[in-house]
Protein chains: 2
Amino acid sequence: MRAPVTTASLPWVLLIFLITFHVEALKPHLLGRRSVSRSSSQQRSVFYKTFYFDQQIDHFGFLENGTFKQRYLVNDQHWHKNNGPILFYTGNEGDITWFCNNTVITTFNYFVNGFMWDIAEELGAMLVFAEHRYYGESMPFGNESYSNAKYLNYLTSEQALADFAVLIKSLKKTLPGAQNSPVIAIGGSYGGMLAAWLRMKYPNVVIGALAASAPIWQFPGMVPCGDFYKIVTQDFANSGVNCSKNIRRSWTAISNVSSTAEGLQWLSQEFGLCSLLKEEDINDFKAWLQETWVNLAMVDYPYEANFLQHLPRWPIKVVCTHLQFDTDVSDKQLLHGISQAVRVYYNYTGSAVCLNVSETATGNLGIRGWFYQSCTEMVMPMCTDGVQDMFEAMAWNFQAFSDECYALFGVRPREDWADTVYGGKNISSHSNIIFSNGGLDPWISGGVTKSLSDSLVAILIPDGAHHLDLRFNNEYDPQSVLLTRELEVKYFKQWVKQNTRAQ
Amino acid sequence: MRAPVTTASLPWVLLIFLITFHVEALKPHLLGRRSVSRSSSQQRSVFYKTFYFDQQIDHFGFLENGTFKQRYLVNDQHWHKNNGPILFYTGNEGDITWFCNNTVITTFNYFVNGFMWDIAEELGAMLVFAEHRYYGESMPFGNESYSNAKYLNYLTSEQALADFAVLIKSLKKTLPGAQNSPVIAIGGSYGGMLAAWLRMKYPNVVIGALAASAPIWQFPGMVPCGDFYKIVTQDFANSGVNCSKNIRRSWTAISNVSSTAEGLQWLSQEFGLCSLLKEEDINDFKAWLQETWVNLAMVDYPYEANFLQHLPRWPIKVVCTHLQFDTDVSDKQLLHGISQAVRVYYNYTGSAVCLNVSETATGNLGIRGWFYQSCTEMVMPMCTDGVQDMFEAMAWNFQAFSDECYALFGVRPREDWADTVYGGKNISSHSNIIFSNGGLDPWISGGVTKSLSDSLVAILIPDGAHHLDLRFNNEYDPQSVLLTRELEVKYFKQWVKQNTRAQ
């Protein structure tokens with residue numbers, strides 16, 4: 001059993017939740033390389049207009065009365081004025097577009113929210129995608145937004161929710177024909193948490209919410225800290241003989257092999273790394289591998305897709321083809337398999353010249369933003385034991401985490417705040433929220449997986465990874481996600497009907 | 001028709017909501033003179049222990065990580081451990097006690113919340129009275145709290161609600177036997193708004209709320225700005241022949257009489273003022289009178305009582321006995337009647353040496369705090385037209401108000417924020433809130449007077465003034481308030497039962 005969290009190993013604890021967005025949203029420029037999947041349904045183009053809203057920097061104090069430009073995107077081609085709903089995407093910690101060419105109208109493939117585009121016509125809905133403050137272009141203090149603790153002080157989920165609420169109220173007031181349009185919040189992952197919370201805190205503003213793969217219970221004391229990595233492990237265990245077992249063995253093998261200079265060199269070459277590993281890099285190297293397995297678990301989709309990396313259908317199955325050997329092979333044989341497996345993720349197309357271990361560790365604004373949020377409100381305990389999961393044992397240590405945060409940002413996380421402000425397990429008095437979760441997605445660990453009432457509905461997508469339901473329809477979609485999307489639309493229509501009746 | 005709001009006349013616009021607390025809470029030291037009313041039921045003594053809780057100064061940002069001591073009072077003599085409810089008074093803008101002698105246990109007559117003491121035994125309830133930040137002893141920056149805009153920045157209702165939520169969570173966690181105790185929020189006036197909002201924003205923390213005389217709709221665009229003063233006027237019109245008519249005439253009479261030096265002297269003597277009126281004091285003098293009439297409308301109780309002033313039963317009826325003459329008497333005759341009427345309020349006991357026009361204008365921390373809140377979130381439009389009410393016509397002018405606020409505090413009010421954050425008229429998705437209102441109370445103008453659902457219940461007390469239902473039982477209580485209290489307790493029991501079943 002390893003000692004609890006150390007400074008060196010903490011970064012991946014911080015990183016965890018980010019990974020989703022690291023992969024899917026934080027490096028949107030890489031999506032220029034995107035090749036569409038086999039399904040022609042994913043080749044459709046979508047159009048939006050970009051707008052900027054003058055948003056209060058501080059909703060909860062009046063001394064700072066400055067405003068910033070919050071970016072939001074609108075498509076109203078299918079909207080039925082006067083009563084057609086508005087589907088409002090509650091932006092998460094990333095750029096709301098993958099590219100903005102500074103023209104008013106542009107084209108893009110919205111890679112996360114295909115669902116919204118797919119259903120717009122059926123619902124006669126306007127689509128609005130609102131960017132989360134401190135991400136993309138929506139910077140409260142411009143380029144200085146991340147320059148100091150004072151400027152970062154307004155990066156909280158409460159401020160972001162207030163942004164959304166104020167923006168929606170303004171749209172309904174100013175857009176001709178929008179006054180009676182009911183608004184439904186839709187989001188995935190952290191954005192899904194925001195969608196649920198928007199409905200909980202501002203039910204006057206949104207009539208309902210779809211919270212896709214939203215781990216609103218991944219907070220202290222609500223779920224076991226080890227569940228997340230257990231699910232990652234199960235995904236690998238179920239995708240090939242000995243797959244998770246060999247990954248579990250790999251950590252010791254890495255420690256063994258890297259104990260000599262020759263071994264470090266071998267390891268670097270075997271993995272085709274861009275720079276030679278040093279002894280002190282081994283923790284980072286392990287964290288990079290661990291993150292890779294987690295990424296794969298989140299994007300284990302049934303069709304070929306391209307996020308940060310171009311991946312095959314059911315990528316974990318492909319990964320596991322390289323790890324099916326007996327569990328008594330030598331360390332180097334084992335690590336050869338691991339290196340082959342990792343290449344499925346990093347070099348499926350064969351175009352990578354070398355693999356960069358520090359890639360996920362280099363910060364960009366988005367990553368730094370999520371680090372800050374993790375270090376303040378979004379305290380999500382994670383732990384491993386090496387027995388029920390395939391990782392090195394690591395306990396959750398709040399104090400060490402807090403100290404790390406203080407060193408990084410000069411702030412300390414508040415362990416109980418999310419529970420108090422967002423209700424924790426005690427949310428049954430709310431209404432009109434769909435919690436959808438994928439059975440393959442590690443984030444289901446903190447999700448709402450059982451319905452809490454007739455109008456707080458949990459939907460399980462057994463063979464779905466991270467918010468699969470929010471993606472464009474695809475010919476390889478499993479039946480479960482098709483049914484899920486149907487059900488979600490059914491609820492949307494029901495909420496709209498209820499709302500019309502109440503008016 | 002007078003010009004819209006001017007700088008000179010603005011203070012009473014700011015003052016309006018405060019008056020409640022000015023009378024009942026902000027000058028608690030004066031209550032030392034209190035003589036208990038005729039009913040022996042009001043002579044009961046109550047005991048509480050005083051505690052201090054380390055509360056975050058800023059719940060919505062992490063840069064300011066300091067804490068302050070929030071005061072709260074507890075009585076658990078009737079509490080049934082393990083399941084007895086906690087009645088939690090959401091403190092409003094005043095000292096939570098009228099006297100604190102720095103001992104742990106003291107005796108007092110809790111003048112606002114007699115109701116809670118009266119029902120504690122029946123419900124087996126613990127009573128908790130939490131002080132609102134920036135009032136009483138609960139000062140985030142000690143004596144400096146009001147010294148500058150930076151320190152005042154954390155005086156908002158959202159911060160106060162978060163204080164209450166965090167305190168309740170902590171009490172339930174740390175008090176032996178409190179873990180399963182359901183909590184009911186109770187408050188009156190602004191405190192009633194807080195009680196309702198606490199249930200709306202933190203339904204995980206309180207199972208229900210009694211919002212007594214809580215004008216949650218007294219915000220821009222929700223109710224006509226003139227309703228408040230219309231109700232004040234009706235109270236006087238219904239309490240004596242020509243009563244409101246003569247008050248309406250008095251403003252012109254004051255202008256006429258005060259136009260000469262002799263007239264100013266006569267006026268000062270006639271009203272027994274402590275200092276001679278000058279020409280430039282006339283607006284303040286009128287504002288003082290106007291405030292007096294409003295005060296009387298709020299405390300028009302069916303029994304003799306002593307708040308800021310000792311008053312007779314149904315004080316407006318007594319006031320009106322001095323104003324029943326014909327409406328064609330001379331200015332001086334009319335003003336003689338007004339001076340007699342005013343003395344009912346300021347000198348019922350005959351012990352006042354002189355009347356101090358500037359009394360209500362002198363700031364103390366509490367008044368300054370409410371001014372600040374009015375100048376930020378609590379934007380409550382008020383207007384008069386001199387036709388449907390008995391006051392000089394004055395339009396509501398948000399811009400002038402905003403400018404005044406900026407001059408006073410360096411902050412500007414946000415006109416639409418309360419609507420966005422607290423739901424405005426669109427609150428029907430919430431549950432378990434009782435809105436009680438008195439038919440005589442001018443604040444009913446902004447109250448919820450019709451039930452919005454089975455669990456958002458409005459109760460009208462036709463012959464009740466400002467939160468009469470929260471007061472101790474009294475033998476002169478009208479039947480309507482007795483029934484109201486019964487119904488309130490019935491709902492409390494129902495919520496507790498629901499909660500027990502849900503656990």
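A residue is taken as buried when its relative accessible area is under 20%. By that cut-off, 14 of the 18 residues of helix α5 of chain B are buried in this predicted model, so the helix is largely enclosed by the rest of the structure. Helix α5(B) covers residues 157–174, and from its first C-alpha to its last it reaches 25 Å, close to the 26 Å expected at 1.5 Å a residue.

A look at the contact between the two chains comes next. Here, 41 residues of chain A are in contact with 41 residues of chain B. The size of an interface is often given as the accessible area lost when the parts come together. Between chain A and chain B, the buried area is about 3,500 Å², with 55% of it given by carbon and sulfur atoms. On the chain A side, the residues that lose the most area to chain B are A:Phe60, A:Phe62 and A:Arg414, which together account for 24% of what that side buries.

Polar and charged groups also take part. Between the chains, 23 residue pairs are in polar contact, and four salt bridges are found across the interface. B:Lys169 and A:Asp419 meet through their side chains in a salt bridge, at 3.0 Å from N to O. The elements of chain A that give two or more residues to the side touching chain B are α4 (149–152), α5 (157–174), α6 (190–201) and α15 (417–422). Of these, α5(A) gives the most, with seven residues. Sorted by class, the side of chain A that touches chain B holds 14 nonpolar, 14 polar and 13 charged residues.

Methods: Residues numbered from 1 in each chain as written. Chains lettered and ligands numbered in written order. Predicted model: local features only at pLDDT ≥ 70, side-chain atom pairs only at ≥ 80, totals over all residues. Heavy atoms only, no water. Helix = DSSP H or I, 4+ residues; strand = E, 2+ residues; numbered from the N terminus. Expected span 1.5 Å × (residues − 1). Buried < 20%, exposed > 50% of the residue type's maximum accessible area, 1.4 Å probe, protein only. Contact = heavy atoms within 4.5 Å. Buried area = accessible area lost by both parts, 1.4 Å probe. Polar contact = N/O pair within 3.5 Å; in protein donor to acceptor, adjacent residues only side chain to side chain. Nonpolar A, V, L, I, M, F, W, Y, C, P; charged D, E, K, R; others polar.
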